[in-house]
Amino acid sequence: MSYKISDNFSNMKPSATREILKVTSQPGMIAFAGGSPDTDAFPCEEVKKLSSQILGENPVSALVYGVSEGYEPLRNNVKRWLYKTKNINFSNSDLIITSGGTQVMDLTTRVLTSKGDTIICEEPSFIGSLNCFRSHGCNIVGVGIDDDGMNIEKLERAIKENPDARFIYTIPNFQNPGGTTLSLEKRRKMYELAKKNNIIILEDDPYGDLRTAGEGLPSIKSMDTDGIVIYAGSFSKILAPGIRVAYAVVPSEIIPAFTIAKQVSDVHTGVLNQMIVSRWFDEYNVDFHIKEIQKIYRRKLNLMCDCLDKYCSDFIKYVRPEGGLFIWAKLDDKIDMMQYVKKLLEYRVAVVPGNAFMIDDTAPCQHIRLNFSTPSDENIARGVEIMGKAYKELSV
């Protein structure tokens with residue numbers, strides 16, 4: 001059989017992160033390449049109890065088809081929580097439940113773009129979103145990031161050069177992979193630019209609740225008086241990724257189109273999982289839980305940064321994130337990045353090469369992405385020490 005692959009997929013490559021994760025499962029591998037939350041942050045006993053309650057009381061209600069927009073009690077709980085914690089109101093928007101955060105990118109692209117349309121995004125950016133945009137045949141225009149997020153002057157230039165761009169994609173809090181946080185001034189300027197040029201902002205915020213330092217900043221969606229921002233949030237990082245429950249706050253006028261796109265994609269998100277998350281809100285203090293998991297990530301982030309400063313300061317530069325799960329580390333120009341990544345694998349330390357997060361992954365890149373949430377404290381210290389050792393060997 002000769003198989004013809006869709007033009008949208010024929011030139012796509014597997015996610016470099018996912019490919020490296022196949023290696024990280026090997027015994028003895030120190031995994032700085034992942035992106036999963038620390039399993040100590042999972043409220044396992046609570047989920048076990050809630051699952052038993054739901055299936056013990058009325059199992060049929062959790063096993064039938066659900067509404068495409070989402071389980072109504074969960075939608076109401078999330079709306080109240082977003083208003084209380086992020087000042088997001090629903091005067092011009094509504095909420096739809098999705099199967100993981102990446103589905104929000106897929107639904108947005110399905111609804112707002114046609115093949116050949118342009119999307120403006122940060123560069124580097126999350127490989128899952130980049131591949132989503134590519135799978136729909138979109139043209140991606142990258143805008144570089146500074147220490148305080150997307151460069152607004154370059155964004156303005158990109159909009160002028162691509163006046164028909166369909167939306168701007170940004171990860172404003174502890175960006176993946178860059179670790180940067182979009183400043184308040186830049187959030188306001190981005191919103192004004194989008195409003196002026198009649199372009200939508202897709203605000204992807206999976207890490208916003210994982211702040212470990214500094215003051216929280218208002219979401220761009222909280223500024224949205226014109227219905228031009230789609231806000232994506234997820235329970236993968238604050239509850240558990242395997243539950244696959246996330247949500248999108250979408251301008252009301254395009255909610256019907258999002259609902260149809262959801263029906264085409266998977267009909268609805270798993271009802272049992274939605275019910276678990278909804279009862280989690282009902283029976284537990286979600287905000288207290290978030291504060292507790294922030295302590296875990298604060299400790300691990302500081303440990304990795306301290307180790308980098310101790311073992312790698314002569315060849316690595318980075319901006320210390322104020323939260324999230326990643327550090328974006330720039331190698332000295334004297335070292336070949338891919339050669340270094342391969343050397344680390346010989347020592348059973350896995351990192352993600354930075355070019356995986358670039359729009360053109362063949363362009364020169366001196367960055368690597370390090371994850372501190374997955375490895376143990378012991379492996380963080382040992383792995384970073386090995387990073388320093390590997391550099392010295394390559395420098396001889």
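Helices here are DSSP runs of H or I, at least four residues long, numbered from the N terminus. With that in mind, let us walk through this structure, which is a predicted model.

Is Q294 buried or exposed? Its relative accessibility is 15%, so Q294 counts as buried, the cut-off being under 20%. Leaving aside residues up to four places away in sequence, Q294 touches D209, L210, R211 and T212.

Now follow helix α12 itself, which covers residues 286-311, to one of its packing partners. Two packed helices are described by the angle between their axes and the distance between the axes. For α12 and α14, the angle is about 25° and the axes are 9 Å apart. Angles under 35 degrees count as roughly parallel, and therefore α12 and α14 are roughly parallel to each other. Their crossing is right-handed. On the α12 side, the contact is made by R299, K300, L303, M304, C307, L308 and Y311; on the α14 side, it is made by D377, I380, A381, V384, E385, M387 and G388. Sorted by class, this contact has nine nonpolar, one polar and four charged residues.

Helix α14 (residues 377-395) also meets helix α13 (residues 337-346). How do these two lie relative to each other? Their axes come within 10 Å and cross at roughly 120°, so α13 and α14 are oblique to each other. This crossing, too, is right-handed. From α13, the residues in contact are Q339, Y340, K343 and L344, while α14 brings I386, M387, G388, A390, Y391, E393 and L394. The contact of α13 with α14 divides into seven nonpolar, two polar and two charged residues. If you compare the two lists, you will find M387 and G388 of α14 in the contact with α12 and again in the contact with α13.

Finally, let us look at the cysteines. How many disulfides does a search of the whole structure find? The search finds zero. Take C121, for example: the nearest cysteine sulfur belongs to C138 and is 11 Å away. C121 is also buried, with a relative accessible area of 0%.

Terms used. Residues are numbered from 1 along each chain as its sequence is written. This is a predicted model: local features need pLDDT of at least 70, side-chain atom pairs count only at pLDDT 80 or more; totals for chains, interfaces and linings use all residues. Side-chain values use heavy atoms; hydrogens and water are left out. A disulfide is a pair of cysteine sulfur atoms within 2.5 Å. Buried means under 20% relative accessible area, exposed over 50%, partly exposed in between (1.4 Å probe, protein chains only). Axes are lines fitted to C-alpha atoms, for helices over the stretch in contact, and angles run from 0 to 180 degrees between N-to-C directions. Angles under 35 degrees count as roughly parallel, over 145 as roughly antiparallel, 65 to 115 as roughly perpendicular and the rest as oblique. A crossing is left-handed if the near helix is turned anticlockwise from the far one by less than a right angle, and right-handed if clockwise. Contact means heavy atoms within 4.5 Å. Ala, Val, Leu, Ile, Met, Phe, Trp, Tyr, Cys and Pro count as nonpolar, Asp, Glu, Lys and Arg as charged, and the others, Gly among them, as polar.
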